[in-house]
Amino acid sequence: MNEPAILIRLDDPPRTYRPGQSLSGQYRLESVEGDPIRAVEVSVLRYTEGKGEQDLAVHEFWRRDNDSGDLVDPRRPERFSTTLPPSPLSYDGQIIQIRWCVRVRAFLSRGRELVAEKPFRLGDGA
Amino acid sequence: MARNFRYFEKKRGHRRTGSRTLGSLGEAIFFALLLVLGCAGIVAGFVWLVIPEWRVHHGFVETTCLVLQKKLGEKEGDGGTLYRPEIQIEYEVHGIQHYRSTYDINYDGARAYSSDRDAAAAALEPFEKGRAYPCWYDPSQPDVAVVVRGYQGWLWLVFLVPGSFVAIGAGGLLYTLLRWGKSAERRAAMVQRAQPIELFDIDRPGETRLPNIPDLSDITSSPGTKLAYRLPLSHSPGWTLLGLAAACLLWNGSVSYFIVSAVRAYLAGQPDWLLTLFILPFLAIGIALVVCFVRQLVVATAVGPTLVEISDHPLLPGGEYRLLVSQSGRLNMRSLEVWLACREEATYRQGTNARTETRQVRRLPVFRREALAILPGEPFQAECSVCVPAGAMHSFRADHNEIDWSLVVRGEVVNRQAFERAFPVIVHPLSGASTPGSGGP
């Protein structure tokens, strides 16, 4: 039996997204038929890496929750779309790195979670 | 892969973070305990302190009593003799005579006694033996009666401690429960939505909001004399001087007490070598503080102010800007140089300490002049250009990580300590403005 997983796909991803550009894509849950899904969260977020404590901020956040009546059908791919902000841009410094990603988190039964990320770069250059 | 409960989360560098679930559970238990303790304290305070006094006012029946005797009661406490006023009264309830020694509702408790003899004696003053006074008795226990009733205001202070326990416990528990089982992204979204809307924080037409980029207003609030803006110093030398002066006074004031003792011992012909050896390192630190203070004072006063003006702000990658550097004072300088610096600053926890690491990641020379003499009233002024490299990272500020840009002026003065002054600037991403700066005021 396959392990449950989340697949994220971005629509025609460029090497670097530009501020103000639209980012869209879809995600799909695999092999979770026997495991009821309580909720799914989709975030477009940035976070820091490096020497310091992690700073995390979400640009967009969507949550679909069975308790709120937003039934999550694991077999159907779900789409997402957002317009990217002007800052902060992706950065690879000496002690600070700034990363962008689409993160999908699925909450399964008995407190189990599935997480998947699709990193992308936000930059002024093409 | 699906994850079950973990005792430890992922390893970050050489640091392993603890389980978030365990941490939240620990926090919840801690705050719940505080809340329970606080509530128990408040209930106990009400039961033992407030309700008896309230009952005297609202449940006791008024009647008249005859004072048979009055005296100052005494007992031995841990810190000496304790006193309380004692009034012996006779009163009648439903045809039955009652005799009792009393004062107020706390008469039989430990709180009736105090070490203040005068206060206890003064409490007896209003009563005279053989005279009738109003008194109040408990209808369910007619043997219990008081001749004084009233609320003791200070009792409410007792509730400060359990009250603060309740406030901290309830607040912490609510905060923990609100975060419970929520992902980092959901918590971040909740915090961002809950950010207070700043007063006067009005979106200006045509101005783009730039997340994580510091505010410009501190830098563009001061117009320049020749160019558009006069840049502020990163920190005022006045505060450094004030801090050093306070440190000098505190340290040397404390050390001087021991120095005086040691000198007196010498003068009395009984030198205390142990004390002398003990104070020597402290004296050395005190002298170092004074030297440091004097140096800073010289830099702040003799060097004179450094002014930097810029033709446009914020800066943009690829932009070129005119700069005016002005240095006053009476100085014979080996060199005066200016550079554009980019610095990364990261704050992290190590145990219970918060540590900050900074690293200069770019140092772009802007201007350098060697061997110059500055006379009082004739400040040295130079115009130059500063270029922000294309592709340079913009300024960035988050809770624990920062990327700062600044123009740094460094002067090497003959026979004096070199000085360095930083003037912060903000670099925006290209997308934050329509065109790179052209440099016109």
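B:T176 is buried, with a relative accessible area of 1%; buried denotes under 20% relative accessible area, exposed over 50%, and partly exposed the range in between, with a 1.4 Å probe and protein chains only. The residue B:T176 belongs to helix α3 of chain B, residues 160-179. Helices (H or I, at least four residues) and strands (E, at least two) are DSSP runs numbered from the N terminus. Beyond its neighbours within four places in sequence, B:T176 is in contact with B:S24, B:E27, B:A28 and B:F31, where contact means heavy atoms within 4.5 Å.

The model is a predicted one, in which local features need pLDDT of at least 70, side-chain atom pairs count only at pLDDT 80 or more, and totals for chains, interfaces and linings use all residues. Residues are numbered from 1 along each chain as its sequence is written, chains are lettered from A and ligands numbered from 1 in the order in which they are written, and side-chain values use heavy atoms, with hydrogens and water left out.

Helix α4 of chain B, residues 184-194, contains B:A194. B:A194 is exposed, at a relative accessible area of 58%. Its C-alpha atom is separated by 32 Å from that of B:I42, a residue 152 places away along the chain.

Chain B as a whole has seven helices and 16 strands. Its radius of gyration is 37 Å, well over the 22 Å that the globule rule gives for 441 residues, so chain B is more spread out than a compact globule. This radius is taken over C-alpha atoms, and the rule is 2.2 Å times the number of residues to the power 0.38. Along the principal axes, the C-alpha atoms of chain B fill a box of roughly 110 × 80 × 45 Å. Of the 441 residues in chain B, 35% are buried. Among its contacts between residues at least 6 apart in sequence, 69% join residues at least 24 apart. The accessible surface of chain B comes to about 26,000 Å², with 59% belonging to carbon and sulfur atoms; such areas come from the Shrake-Rupley method with a 1.4 Å probe, and for residues only the protein chains shown count as cover.

Turning to the cysteines, the structure holds zero disulfides over all chains, a disulfide being a pair of cysteine sulfur atoms within 2.5 Å. B:C342 is in no disulfide, and the nearest cysteine sulfur, that of B:C387, is 16 Å away. B:C342 is buried at 2% relative accessibility, and A:C101 is buried with a relative accessible area of 0%.
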